[in-house]
Amino acid sequence: MMYFALFVLIVLGLSAVAIWVFLAIAPGRIADQRGHRRADAVRVCGYWGALTLGILMPLAFIWAYADGAAGAAERDAGNQA
């Protein structure tokens, strides 16, 4: 029974780390997919959000969504002119 409990704790710990890494990488990927002009900066903000235990994480996600569509619209308008 003790080995099963240890196994469950290890699986839960690894799952928590995997989710934390996914949340650190997600803002940068979202910014890349949306064509954000500052995608590299958003990626770094996501990494710092993971290192600061989530303090910057909401900022990274908001920033990833904030400029992508507007940047794409500006690029499309510039290409048509």
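User: How many helices and strands are there in the protein chain?

Analyst: This is a predicted model, and its protein chain has 4 helices and 0 strands. Going along the sequence, you get the pattern α-α-α-α. Of the 81 residues in the chain, 23% are buried. As for contacts with a separation of 6 or more, 53% of them involve residues 24 or more positions apart.

User: What makes α1 roughly antiparallel to α2?

Analyst: Check the angle. The two helices pack at about 165°, with their axes 8 Å apart. Angles over 145 degrees count as roughly antiparallel, so α1 is roughly antiparallel to α2. The crossing of this pair is right-handed.

User: Which residues make that contact?

Analyst: From α1 you have Trp20, Ala24, Ile25, Pro27, Gly28, Ala31 and Asp32, and from α2 there are Ala39, Val42, Arg43, Gly46, Tyr47, Gly49 and Ala50. Sorted by type, the residues of the contact of α1 with α2 come out as 9 nonpolar, 3 polar and 2 charged.

User: Asp32 is in that list. Why is Asp32 called partly exposed?

Analyst: Its relative accessible area is 42%. Buried would need under 20% and exposed would need over 50%, so with 42% Asp32 falls in between and is partly exposed. You'll find Asp32 in helix α1, which covers residues 2-33.

User: How do you know that the side chain of Asp32 makes a polar contact with the side chain of Arg43?

Analyst: The distance is 2.4 Å, and the cut-off for a pair of N or O atoms is 3.5 Å. That puts the two side chains within the limit, so the pair counts as a polar contact. Leaving out residues up to four places away in sequence, Asp32 touches Ala39 and Arg43. Val42 is 10 residues from Asp32 in sequence, and their C-alpha atoms are 9.2 Å apart in space.

User: What about His36: buried or exposed?

Analyst: Buried. His36 has a relative accessible area of 7%, and the label applies under 20%, so His36 is buried. The place of His36 is in the loop between α1 and α2. A polar atom of its side chain lies 2.9 Å from the backbone nitrogen of Arg38. His36 and Trp63 are 27 residues apart in sequence, while their C-alpha atoms are 9.1 Å apart in space.

User: Why is α2 called roughly antiparallel to α3?

Analyst: The axes of α2 (residues 39-51) and α3 (residues 57-66) come within 8 Å and cross at roughly 160°. With the cut-off at over 145 degrees, that makes α2 roughly antiparallel to α3. The crossing of α2 and α3 is left-handed.

User: Which residues of α2 and α3 meet?

Analyst: In α2, Ala41, Val42, Cys45, Gly46, Gly49 and Ala50 meet Met57, Leu59, Ala60, Trp63 and Ala64 in α3. The residues of this contact split into 9 nonpolar, 2 polar and no charged.

User: Why does Leu53 count as exposed?

Analyst: Leu53 has 70% relative accessibility. Exposed means over 50%, so Leu53 counts as exposed. Leu53 lies in the loop between α2 and α3.

User: What is the phi of Leu53?

Analyst: Positive, at about 60°, although Leu53 is not a glycine. For background, most residues other than glycine have a negative phi.

User: What makes α1 and α3 roughly parallel to each other?

Analyst: Once more, look at the angle. The axes of α1 and α3 come within 8 Å and cross at roughly 15°. Angles under 35 degrees count as roughly parallel, and therefore α1 and α3 are roughly parallel to each other. α1 passes α3 in a left-handed crossing.

User: Which residues make the contact of α1 and α3?

Analyst: On the α1 side they are Leu23, Ala24, Ala26, Pro27, Ile30 and Ala31, and on the α3 side Met57, Ala60, Phe61, Ala64 and Tyr65. The residues of this contact divide into 11 nonpolar, no polar and no charged.

Technical notes: Residues numbered from 1 in each chain as written. Predicted model: local features only at pLDDT ≥ 70, side-chain atom pairs only at ≥ 80, totals over all residues. Heavy atoms only, no water. Axes fitted to C-alpha atoms, helices over the stretch in contact; angles between N-to-C directions. Parallel < 35°, antiparallel > 145°, perpendicular 65-115°, else oblique. Left-handed = near helix turned anticlockwise from the far one by under 90°. Contact = heavy atoms within 4.5 Å. Nonpolar A, V, L, I, M, F, W, Y, C, P; charged D, E, K, R; others polar. Buried < 20%, exposed > 50% of the residue type's maximum accessible area, 1.4 Å probe, protein only. Polar contact = N/O pair within 3.5 Å; in protein donor to acceptor, adjacent residues only side chain to side chain.
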